[in-house]
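Welcome! Let us take a walk through this structure together, one stop at a time.

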Amino acid sequence: MNSRRAGGWWETPIAGGIALFGLLLRLDEYRIVPFGAPNPDEWNWAWAGLSQLEGMPSTGWSLFWKAYPAAVRALPPPPFNEPLVHPYIDAPPLFSWIVGLVAWLDGDRTLSDVVHDPGPRLLGIGLSIVALLLAYLLGRLLLGVLPALIGVGLLATAPIPVLLDRLVAAEQLLAVLLLAALVAIFHLRRSPGHRGWLALLLACCLAGPAVQAPGLGVGVSAPFRLVSRRPFRPDAPAPVG
């Protein structure tokens, strides 16, 4: 391994300490962080999944609610104002199933329970830490240990990521899938046919479109990236003179 990418005994405790500090920042008062949108996506994901787990049609609020027949619309609980629709078909079901399961395990059974329960935010926080560690691993492979540690430190402590990572969003899972796919591609470029990395890449490509429409970017671009001969990081220019 290139010495630039090789760390010493200190690498693991420092990276782990950064991840732990980032986790503590995100857990701090996570239950009272407000969400100012008219209809927060985080409870919407939870209810869309929980309603299905309870044997009902998937129910959620839609940006395109006017396109739904009036017979399938319902008023939302206060203080929200956009109508609920059922069945809710704006997004693929995978992420809503995951969030709904977390809400169910936290004791939620009704829409009112979901709206007043910040417990599923733990899922978003957990996914953000997984993405943090994957970003570090990818940065370590491409840039080296020190730049990767600096980058992950900034990502772990920057105010905006800390705040937004406390809220549940499908993009948190998409980030994990994208980063995991890139790590798998990096290793498959060097060990073609490795079943473990190939299975990871296949799982990411299949899961991406099932999370949200932008997940097609993972499912489609990752295979092209694998077969492309373009390097992840351009070689440094040769010294002059």
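**Charged pairs, a serine and the core**

Let us begin with a charged pair: Asp117 and Arg31 join their side chains in a salt bridge, with 4.0 Å from N to O. Asp117 sits in the loop between helix H4 (111–115) and H5, while Arg31 sits in the loop between H1 and helix H2 (41–53), so this pair ties together parts that are 86 residues apart in sequence. Do keep in mind that the model you are looking at is predicted. The two partners can be described by their accessibility as well: Asp117, at 14% relative accessibility, counts as buried, and Arg31 is partly exposed, with a relative accessible area of 46%.

How many salt bridges does the structure hold? There are four. In general, side chains of opposite charge can pair when their charged atoms come close. Another of these bridges links Arg140 with Glu11, whose closest N and O atoms are 2.3 Å apart. Arg140 belongs to helix H5 (residues 121–142) and Glu11 to helix H1 (residues 11–27), so the bridge ties together parts that are 129 residues apart in sequence. Both Arg140 and Glu11 are buried.

Arg121 lies in helix H5 and Glu42 in helix H2, so here the parts tied together are 79 residues apart in sequence. Arg121 is buried, with a relative accessible area of 6%, and Glu42 counts as buried at 10% relative accessibility.

From helix H2, we can move on to Ser58, which lies in the loop between H2 and strand E1 (60–61). Ser58 has a relative accessibility of 10% and so counts as buried. Its side chain reaches the backbone oxygen of Ala48 at 3.4 Å, and a polar contact of 3.4 Å joins the side chains of Ser58 and Gln52. Leaving aside residues up to four places away in sequence, Ser58 touches several others, including Val85, His86, Pro87 and Tyr88.

Next comes helix H3 (residues 94–105). Its twelve residues, at 1.5 Å a residue, should span 16 Å, and the end C-alpha atoms are 17 Å apart, which agrees. Which residues of H3 are buried? They are Phe95, Ser96, Val99, Gly100 and Ala103. Looking down the axis of H3, you would find these buried residues within an arc of 130°, so they line one face of the helix. Their cover includes H2, H5, helix H8 (170–190) and helix H9 (195–211). Just after H3, Gly107 takes a positive phi of about 100°.

In soluble globular proteins, nonpolar side chains tend to be buried together. Here the largest nonpolar core has 42 residues, and those with the most contacts inside it are Trp43, Phe95, Val99, Leu177, Leu201 and Val211. The elements giving two or more residues to this core are H2, H3, H4, H5, H8, H9 and helix H10 (216–227). H8 gives the most, with 13 residues. Val211 has contacts with residues that include Trp45, Pro92, Phe95, Ala170 and Leu177, not counting those up to four places away in sequence. Apart from this core lies another, of eleven residues, among them Ile18, Leu132, Leu149 and Ala156.

Terms used:
Residues are numbered from 1 along each chain as its sequence is written. This is a predicted model: local features need pLDDT of at least 70, side-chain atom pairs count only at pLDDT 80 or more; totals for chains, interfaces and linings use all residues. Side-chain values use heavy atoms; hydrogens and water are left out. Helices (H or I, at least four residues) and strands (E, at least two) are DSSP runs, numbered from the N terminus. Buried means under 20% relative accessible area, exposed over 50%, partly exposed in between (1.4 Å probe, protein chains only). A polar contact is a pair of N or O atoms within 3.5 Å; within protein, one must be able to donate a hydrogen and the other to accept it, and residues adjacent in sequence count only if both atoms are side-chain atoms. Contact means heavy atoms within 4.5 Å. The expected span of a helix is 1.5 Å times one less than its number of residues. The arc is that of the directions from the helix axis to the C-beta atoms. A nonpolar core is a set of buried Ala, Val, Leu, Ile, Met, Phe, Trp, Tyr and Cys residues joined through side-chain atoms within 4.5 Å.
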